[in-house]
Amino acid sequence: QINVKSPLLPHAQHLSVVSLGTYARRHGFAPAVLDNLWRIPESLKRFRRLLSDRVPVVGISTSLLMDKSSVERIVREVRALNPEAVVVLGGLTAENEPEVAALADVVVLGDGERTFLEVLQALREGGSLEKVPNLVLNLNGRLHRTPSRANIEPNDIPPPDWDLLDIRPSLCYPIEASKGCRYNCAFCSFANLANQKMKDIGLVVGELERNRERYGIRTLRFMDSNLTSWPEHVERLCEAIIERGLDLQWSCYARVDNLARNPRMLEKMRKAGCMALQSGIESGDDGVLRAMHKGYNGKTVVDGVRRAREAGLIVTGNFIIGFPGETRETVDRTLDVIGRAEPHTASFSLFAVHANSTAEVWTERVRWGIEGEGTCWAHRTMDSEEAKAEL
């Protein structure tokens, strides 16, 4: 049982920190892995105890810490209780925000498993961090970048050791069958756009089996940006799950056009234990969808959601309000498409311009006519205040 006195409920355990800890453990280190620091009092107590015990390195994932103050709060704890510790940050917030990077001694760029391990090895052996690729080093306030290299291959990442987390508040566990994204939406700042690599099916099914036998995990969520990028691959994965008789329940992210064109894939997903899908539909207006580079139209949205429902799957559609070209009329068309498609639930978010990112709406913001950043912006057809009203 978890004694939660915080007003914030715990979030489900994250794969990122456990994956990093597992990789370090497999190579001879003894990591302590913590999550939900501000949501579970026992986690915060353990964190402070470890700092007081003078752990030499503290790694912090900023993947879901979206602003500087969130990272600063953790770093402040580290500096106060263990000022000698080397603070290592990873994740997009640290990569894209120089002010966040400046809080750390070291920033890891890209996938962290291999690079973070090499940082640990260099610190242990007294080697130079400047020889480790994919780093930003804080040299007395000056940020210095080491040479770049490709990310680790998905097949080289071992299955996570969930026993590294002593508190796991959710019965649903994350898993990845790929890295990156096959597509290149104009608004997206996600790493590895147009460069999705699928993990070997045997390794994925082996992880599912290991999770069930070792940890009793039967409910999972595939965290891939889009599990259905290659429908034939998903079909083979589902066939392998069925063949092993794993009896699992799972959900995933899926492209609505993949759903519309592959009813056989949907049937196999349902037989393999898939219960629900989330789809980044983003809009129901054909013009906005074209501008986003989504590659489908409103009719495809309706067809895809209906096919998934017919296969017995719960469907959530995610939508962005305020993308360049958005007007009250395009929002109405989105609502009309939602009414015709009938997803079980719909989620709406405000268009955001991620500063210093690789998103096209940032790198080509002059062409898009975008002024401002984050969730405070204006373009030719709408500004963020108007979008909030529509939202």
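Me: What makes the backbone nitrogen of Leu 135 and the side chain of Thr 146 a polar contact?

Reply: The backbone nitrogen of Leu 135 lies 2.9 Å from a polar atom of the side chain of Thr 146. A polar contact is a pair of N or O atoms within 3.5 Å; within protein, one must be able to donate a hydrogen and the other to accept it, and residues adjacent in sequence count only if both atoms are side-chain atoms. The side chain of Thr 146 also reaches the backbone oxygen of Val 132, at 2.7 Å. This is a predicted model, in which local features need pLDDT of at least 70 and side-chain atom pairs count only at pLDDT 80 or more, while totals for chains, interfaces and linings use all residues. Residues are numbered from 1 along each chain as its sequence is written, and side-chain values use heavy atoms, with hydrogens and water left out.

Me: Why is Thr 146 called buried?

Reply: Its relative accessible area is 3%, and buried means under 20%, exposed over 50% and partly exposed in between (1.4 Å probe, protein chains only). Thr 146 is therefore buried.

Me: What makes Arg 25 and Asp 163 a salt bridge?

Reply: Their closest N and O atoms are 3.0 Å apart; the term requires a side-chain nitrogen of Lys or Arg within 4 Å of a carboxyl oxygen of Asp or Glu. The pair therefore qualifies as a salt bridge.

Me: Why does Arg 25 count as partly exposed?

Reply: Arg 25 has 32% relative accessibility, so the residue counts as partly exposed.
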